[in-house]
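Keep the picture open as you read.

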Amino acid sequence: MKTSKKKRGIEAISRRAGRLFILPWEIGMVIFIIVPLLISVAYAFCEVTFKVGGMDYHFVFLDNFKYLLKEDPYYTDTLISSLTTLLYTIPIIVALSLILGIVLNQKFKGRVIMRAVFFLPVIIAAGVVLDILTTQINGQPPVIQLGATSTSMSEGGGYLDASALLAGLRLPEAVTGMMSKYITMIFNLLWQSGIQIILFISGLQTIPDSLYEVSKIEGASKWEEFWMITFPMLRDVTLLVTVFTVVEEMVSTSNEVMSNAQSMISGQQRYDMPTAMIWFYFLCVLIICGIVLFPIFRSFKRKWD
Amino acid sequence: MKNKKAYRKYTRSLIGNIFYFAFLIIFGAFAILPLVIQIITSFKPLDELLIFPPRFYVVRPTFENYKVLPTLLSNLKIPLSRYVFNSLFVSATATVLHIFVASGAAYTISKSKIKYRNIVFAFVQFALLFNAYTLAIPRYLIYSNLKLIDTYLVYILPYIPSTLGVFLMKQFMDTGIPDALLEAAQIDGAGQFRVFFRIALPLVKPAWLTLALFAFRDMWTVTGSGTIFTESMKTLPEITSTIASGGLARSGSAMAMSVIMMIPPIIVYLISQSSVKETMSTSGIK
């Protein structure tokens, strides 16, 4: 928005200070992200075997990928199903959390409590608490059945199955079956929206009230207000939320490619094939994101700037 | 529900209001139900835990599950408070450091004119898409080369440069901090660090409070699986899973422990969200 202004006059921050501010992060990034990333790329192109005192690498180039796409009976199926799930869950999660964010940002009694209610899944769906909810207690089905759990840094994955919950209500089986399908779906979408809701709320709070005052004076309806002020002002936050949701969904172990790769790493102690699986999947997600998201945000930018 | 301010007044019809709150309550119920079950289960005596299908209420509530927690751990020879300390220390340190490091990086990407900043930001977005599993093994090699294994640093250091915080802060800084304000401050003679700490950071307070919340949540559940071997260095989640793996008799205590585990993130949430309100609603120039 202000790019033209930036070009002249004194700089917002000097280059030297800028380099200094970014330096600690750069050091950490090289050590804990870039180097491990490069090693993992190397794994994908190698055959990794264990020997006494370490690992043995044998460069095989594209063999791992060839095997996955041509010979592995499951990989292409799980890949396609994971990608299609991504394509429909992400818009739903973003839209749902936008609606909930707007609703929760309004002034009403008990707002703080309501916000807390929607944030709770974020806490519960993390790490060990989720593990406990998912573990089979007493050899019975757990109170709430959840599927795969997650340990990655930025996820809220985990898969809820409401059927055990409904079993407690003693309803006819046909009703339970139908209900549990939809309830399971709502559970999952909602439980993955906690962070997104918070991001939208903090985005909404940065919109100046004066804009709404002006639109009120100009006689805009609530509907126009939303499309002309709220939505454009949330553009950056929407991009952030979308990327965040893609990340969260992609790395969530509730999707098949990830859970297969994970079980291969922990079960068979293999590193070459799972990294190849994840890298190829990652490449597909990147391409799809590029095709779908980039033009959308491009056109947004043109329209509103 | 009466609104106090004249503008942004959400005047709806009665039906509109009913719809609104029905919507909130239904979704709210979905969000909170598992938590309610968790709390109820933690108060169930053993015989009630065994009933199938599980009940939504407890007939004879008991604190027994909470009371036995310290004794459950006594065979490990390390008091529960040690694990609590470990978790709190690791989470707090990593959260604070992550906020400063990520804000600094985001500030440079957003506001300076260093040439490579666009490349850096592209990389930030790219690196966001990585799962801890892909990086777990290479990271282990790095920990062991840096002699970090079995120290607190193994929990803290890898989290500090995580890219989500940089991405989040950058997005908020783009719109939240006007360049003109930074320039004005410099003309008035403020140094670069002063501008950063006194002007830039306060302007995006909602952003870093949100980031604090996320970071704390991530760090609170962190376990040092495979990299921490000393028992007294382990964190609360690890000990919770130890209790949970105790089987039949421990299921109530596992629930009790998981209820306790949820308290600190809820406190951090309440603090961060209540102070968000106090900060700016305008972008600082007026």
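At roughly what angle do the axes of H9(B) and H12(B) cross? The axes of H9(B) and helix H12 (residues 205-220) of chain B cross at roughly 165 degrees and come within 10 Å. Here helices are DSSP runs (H or I) of at least four residues, numbered from the N terminus, while strands (E) need at least two. Axes are lines fitted to C-alpha atoms, for helices over the stretch in contact, and angles run from 0 to 180 degrees between N-to-C directions.

First, some ground rules. This is a predicted model, where local features need pLDDT of at least 70 and side-chain atom pairs count only at pLDDT 80 or more, while totals for chains, interfaces and linings use all residues. Residues are numbered from 1 along each chain as its sequence is written, chains are lettered from A and ligands numbered from 1 in the order in which they are written, and side-chain values use heavy atoms, with hydrogens and water left out.

Back to the pair in chain B. Its angle makes H9(B) roughly antiparallel to H12(B) (under 35 degrees is roughly parallel, over 145 roughly antiparallel, 65 to 115 roughly perpendicular, the rest oblique). From H9(B), the contact uses Gly165(B), Leu168(B), Met169(B) and Phe172(B). From H12(B) come Ala207(B), Trp208(B), Leu211(B) and Phe214(B). Contact means heavy atoms within 4.5 Å. Seven of these contact residues are nonpolar, one is polar and none is charged. Ala, Val, Leu, Ile, Met, Phe, Trp, Tyr, Cys and Pro count as nonpolar, Asp, Glu, Lys and Arg as charged, and the others, Gly among them, as polar.

Now find Val166(B), in helix H9 (residues 163-176) of chain B. Val166(B) is buried, with a relative accessible area of 0%. Buried means under 20%, exposed over 50%, partly exposed in between (1.4 Å probe, protein chains only). Leaving aside neighbours within four places in sequence, Val166(B) is in contact with Trp25(A), Ala102(B), Ala105(B), Ala106(B), Ile109(B) and Val124(B).

Move to chain A. The axes of helix H10 (residues 209-218) and helix H11 (residues 222-233) of chain A come within 11 Å and cross at roughly 150 degrees. H10(A) and H11(A) are therefore roughly antiparallel. Their contact residues include Leu211(A) and Tyr212(A) of H10(A), and Ile229(A) and Met233(A) of H11(A). This contact divides into four nonpolar, two polar and three charged residues.

Finish at H9(A), where 12 of 12 residues are buried.
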